[in-house]
Amino acid sequence: MDLDDALPTFIAESRELLQEMEHALLGVLTAHEPQHAVNAIFRAAHTIKGSAGLFALDEIVDFTHVLESVLDRVRDGTVTLDERLVALLLGCSDHIGMQVEAVASGIRDPGTADRAVPLLAQLQRHLGDDGAAPAAAAPAPARPAPAPTLASFAPGECGAGHWHLSLRFGPDVLRNGMDPVSFLRYLGRLGRVTAVALVPGSVPALQALDPERCYLGLELALDSDADQDAIEGTFEFVREDCAIHILPPHSPLADYRSLVAMRPEPAAVLGALLVRCGSLDPAALATVLTDADAPPMPAAPPEPVEGTPPRQRAQEAKAAEGASIRVDADKLDRLINLVGELVTASASAGLVARSVRNVALQECQATLATLVDEVRDSALQLRMVKIGTSFTRFRRMVHDVAREIGKDIALVVSGEDTELDKTVIEKIGDPLTHLVRNAMDHGIEPAAQRLARDKPAQGTVTLNAYHDSGHIVIEVGDDGGGLDRERILAKALERGLVEPGRPLSDSETYALVFEPGFSTAEQVTNLSGRGVGMDVVKRNITALRGSIAIASTPGRGTTVTVRLPLTLALINGFQVGVGSSVFVVPLDMVDECIEFRDDGSRDYLDLRGKVLPFIRLRALFDIGGSPPPRQNIVIVRHAGQQVGLVVDTLFGESQTVIKPLSRLFAQARGISGTSIRGNGDVALILDIPALVASRESGSRPLVQGSPLLV
Amino acid sequence: MQTAPAQATLRIEGDMTIYRAAELRELLVEALQDPQPLALDLSGVTECDSAGLQLLLAAHATAAERGQPLQVAHASAALHDMLALFGLDHSLTAG
């Protein structure tokens with residue numbers, strides 16, 4: 001294996017593991033079965049350490065090693081998890097994250113090591129404080145001194161190179177095609193195996209024997225000049241399944257003691273094996289065994305002790321692995337682009353097939369088109385990921401920010417399984433962070449004020465996601481004080497954003513906070529803070545062809561609703577014509593089409609008893625020519641609002657590959673993109689949210705002058 | 001498999017590996033049903049892996065439970081290697 005090639009995998013995996021670790025840490029205090037979370041945390045630290053060792057990333061190995069030792073104690077119950085320890089462990093997870101990022105960027109930040117020192121010191125305290133002795137003389141963090149009473153070292157018959165290996169093979173090792181024999185043989189290449197002792201009684205009688213299960217446990221002594229990495233590396237492929245402990249030459253007796261304590265076999269039995277291997281002499285064994293019952297000594301992290309994955313952990317790991325493969329995002333993007341081209345090509349083939357009136361050809365083309373649709377759907381599905389992972393990071397943020405600003409705030413997440421395009425997920429992270437942060441800073445009131453309002457002292461921020469007509473809707477809500485309508489209006493008047501005396505609906509008023517420059521202002525009220533950067537949020541969301549809305553009930557809370565298209569690449573379009581121009585309406589937004597006779601007198605009609613406002617696209621985009629006597633209205637829906645679009649002709653459904661507008665047209669409102677039709681013409685994709693909004697807020701012209709869009 | 005009156009001998013030939021482990025277990029269980037001392041003739045074993053070794057250990061454990069003498073009378077070179085690797089060459093074989 002070429003290690004350089006594998007490094008990106010290590011980095012990606014570590015990031016994922018760290019995320020898992022963080023997730024587990026945030027949930028562990030409230031979990032039903034905290035043991036699962038603790039195991040997950042341990043597993044993450046352990047795996048990162050193991051992989052880092054492969055790449056000789058000593059800094060990470062050293063740090064995770066201490067962390068792992070603490071986690072080990074958490075697992076066996078000698079250290080209890082409380083809020084402070086969780087905060088410390090979160091800090092450690094961040095630190096490993098920084099170390100990993102340093103590896104990823106190839107830039108070594110000398111400050112990173114300094115940052116590790118206080119963390120290590122705190123970790124050491126947890127390693128030390130479970131015995132009688134207080135951690136008065138806190139050991140130097142990185143290189144702890146050996147324990148005082150067990151300070152003597154294992155004798156090791158063979159001098160410098162006497163390693164002791166304690167191996168317990170997992171039950172599935174044989175079924176997985178591994179054989180303990182091969183490890184023994186391989187060790188023979190690293191040095192000389194001076195003694196092997198099978199753990200007695202580990203293999204059951206024939207009647208109880210599962211012939212394909214591995215029962216073997218070995219203690220063995222290896223005389224070798226190899227380094228720890230090389231010896232550990234032998235077991236690389238079974239590390240997950242097996243409990244492997246490697247004690248280097250001259251390990252302190254304390255390490256043997258922790259080895260004995262850790263194994264299920266009776267101490268005397270195991271002790272005898274250690275003596276048989278020549279790793280301990282009888283006198284040393286006596287010291288180990290007498291001390292075995294005493295509490296662990298302070299400041300003696302079992303330094304050379306390799307992880308001890310219990311069987312349960314190995315199984316969990318297997319379940320978590322799942323059947324998935326890692327693919328470069330670039331490759332996927334290329335596939336999606338090709339599929340986009342394929343869709344366009346298939347559309348033009350369809351046009352040609354129809355024009356030559358060859359039935360057989362049309363049939364073939366129809367089959368082909370169906371397949372192309374399926375390919376497109378599956379290709380897009382590849383990029384769909386659950387939004388849950390990006391919600392996870394908010395747990396952490398809420399946890400940290402709540403501590404920082406001294407409020408008690410819980411995050412309630414729902415709809416984590418809602419899927420959307422990975423490229424969209426990547427881009428909404430920042431805006432969402434902003435919204436959540438705002439909700440915490442300015443939405444949730446201080447505890448005293450909450451209690452005065454008969455609300456629970458703990459504030460709640462909610463994140464919710466669901467699908468709605470081809471869009472994903474993400475809601476960020478809080479149960480705080482809500483927006484202050486009057487203050488917003490006053491502010492807007494002061495900034496000249498609204499004309500005095502003009503009546504505004506609630507939603508129009510609240511939407512003002514998204515106006516640029518609404519709140520560049522002083523932090524006087526919780527309102528002024530609300531606006532900080534909201535215009536940036538809105539701009540980011542709009543750039544994704546999304547929309548954002550805000551709803552608020554005074555005293556009850558505020559909900560910001562973000563709507564985003566599921567994908568940025570392709571839509572199911574509905575083509576309509578006005579004069580010689582062709583427009584595309586995203587099909588998901590089309591409710592129905594009706595025939596329309598225009599008498600030119602009004603801008604609304606009676607749709608089964610409801611008032612339906614409509615927009616004349618010909619007028620809107622200043623398209624020349626006169627309308628035909630029979631026009632059509634396409635009724636579109638967005639965020640619960642219906643609007644009619646008056647068009648000349650209906651062309652019907654088509655697959656539409658979205659080409660973004662060039663920057664030249666960035667100011668053109670009402671258009672969100674372009675698309676190439678089968679015959680090579682350009683069709684403009686209508687920005688329905690903007691059209692609906694323009695209808696709502698009255699008469700703002702969409703295009704100023706603008707002969708560009710004819 | 002051939003049996004002599006005073007002492008039964010079970011001869012195993014070919015591979016003692018995970019592929020035949022289930023079959024060999026049956027064979028051993030059957031051979032040990034007779035209460036007389038059992039000798040294993042393993043001179044025809046061509047290959048042995050950890051699963052094979054476990055079978056021998058299990059047979060040993062079963063016989064010990066019942067106080068029934070069991071020993072490996074003959075071992076092929078392949079098997080001997082294997083036993084030596086695990087430090088068992090003296091405890092399982094005769095002499």
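## Polar contacts and the A–B interface

Across the interface of chain A and chain B, eight residue pairs are in polar contact, with both residues at pLDDT 80 or more. A polar contact is a pair of N or O atoms within 3.5 Å; within protein, one must be able to donate a hydrogen and the other to accept it, and residues adjacent in sequence count only if both atoms are side-chain atoms. Salt bridges between chain A and chain B number zero. A salt bridge here is a side-chain nitrogen of Lys or Arg within 4 Å of a carboxyl oxygen of Asp or Glu.

Two elements of chain A give two or more residues to the side that touches chain B: helix H6 (180–190) and strand S2 (191–198). H6(A) gives the largest share, four residues. By class, this side of chain A has 16 nonpolar, one polar and five charged residues. Ala, Val, Leu, Ile, Met, Phe, Trp, Tyr, Cys and Pro count as nonpolar, Asp, Glu, Lys and Arg as charged, and the others, Gly among them, as polar.

## Interface area

The size of an interface is often given as the accessible area lost when the parts come together. The area buried between chain A and chain B is about 2,000 Å². Carbon and sulfur atoms give 68% of that area. Buried area is the accessible area (1.4 Å probe) that two parts lose on being put together, summed over both. Leu198(A), Leu206(A) and Pro211(A) supply 31% of the area that chain A buries against chain B, more than any other three residues.

In residue terms, 22 residues of chain A are in contact with 25 residues of chain B. Contact means heavy atoms within 4.5 Å.

## Basis of the values

This is a predicted model: local features need pLDDT of at least 70, side-chain atom pairs count only at pLDDT 80 or more, and totals for chains, interfaces and linings use all residues. Residues are numbered from 1 along each chain as its sequence is written, chains are lettered from A and ligands numbered from 1 in the order in which they are written, and side-chain values use heavy atoms, with hydrogens and water left out.

## Chain A overall

Chain A has 22 helices and 21 strands. Both are DSSP runs, numbered from the N terminus: helices are H or I, at least four residues, and strands are E, at least two. Of the 710 residues of chain A, 49% count as buried. Buried means under 20% relative accessible area, exposed over 50%, and partly exposed in between (1.4 Å probe, protein chains only). Among contacts in chain A between residues at least 6 apart in sequence, 72% join residues at least 24 apart.

Ser93(A) sits in helix H4 (residues 83–105) of chain A. Ser93(A) has a relative accessible area of 3%, so it is buried. Leaving out residues up to four places away in sequence, Ser93(A) touches Leu18(A), Met21(A) and Glu22(A).

## Aromatic pairs

Over all chains, the structure holds four aromatic pairs. Rings of Phe, Tyr and Trp (its six-membered ring) pair if their centres lie within 6.5 Å; planes under 30 degrees apart count as stacked, over 60 as edge-to-face and the rest as tilted. Phe169(A) and Phe183(A) are stacked, because their ring centres are 6.0 Å apart and their planes at 15°. Phe169(A) lies in the loop between strand S1 (162–168) and H6 of chain A, and Phe183(A) lies in helix H6, 14 residues apart. Both are buried. Phe169(A), Phe183(A) and Phe235(A) form one aromatic cluster.

Phe583(A) and Phe621(A) also stack, 5.1 Å centre to centre with 20° between the planes. Phe583(A) is in strand S13 (residues 581–586) and Phe621(A) in the loop between helix H21 (617–620) and strand S17 (631–638) of chain A, so the pair ties together parts 38 residues apart in sequence. Relative accessible area is 0% for Phe583(A), which is buried. Phe621(A), at 1%, is buried too.

## Salt bridges

The whole structure has 27 salt bridges over all chains. Lys49(A) pairs with Glu68(A), the closest N and O atoms being 2.9 Å apart. This pair links helix H2 (residues 34–54) to helix H3 (residues 58–75) of chain A. Lys49(A) is buried at 7%, and Glu68(A) is buried at 4%.

Arg453(A) and Glu445(A) meet in a salt bridge at 2.9 Å, N to O. Arg453(A) is partly exposed at 38%, whereas Glu445(A) is buried at 4%. A network of salt bridges links Glu445(A), Arg450(A), Arg453(A), Lys455(A) and Asp479(A).
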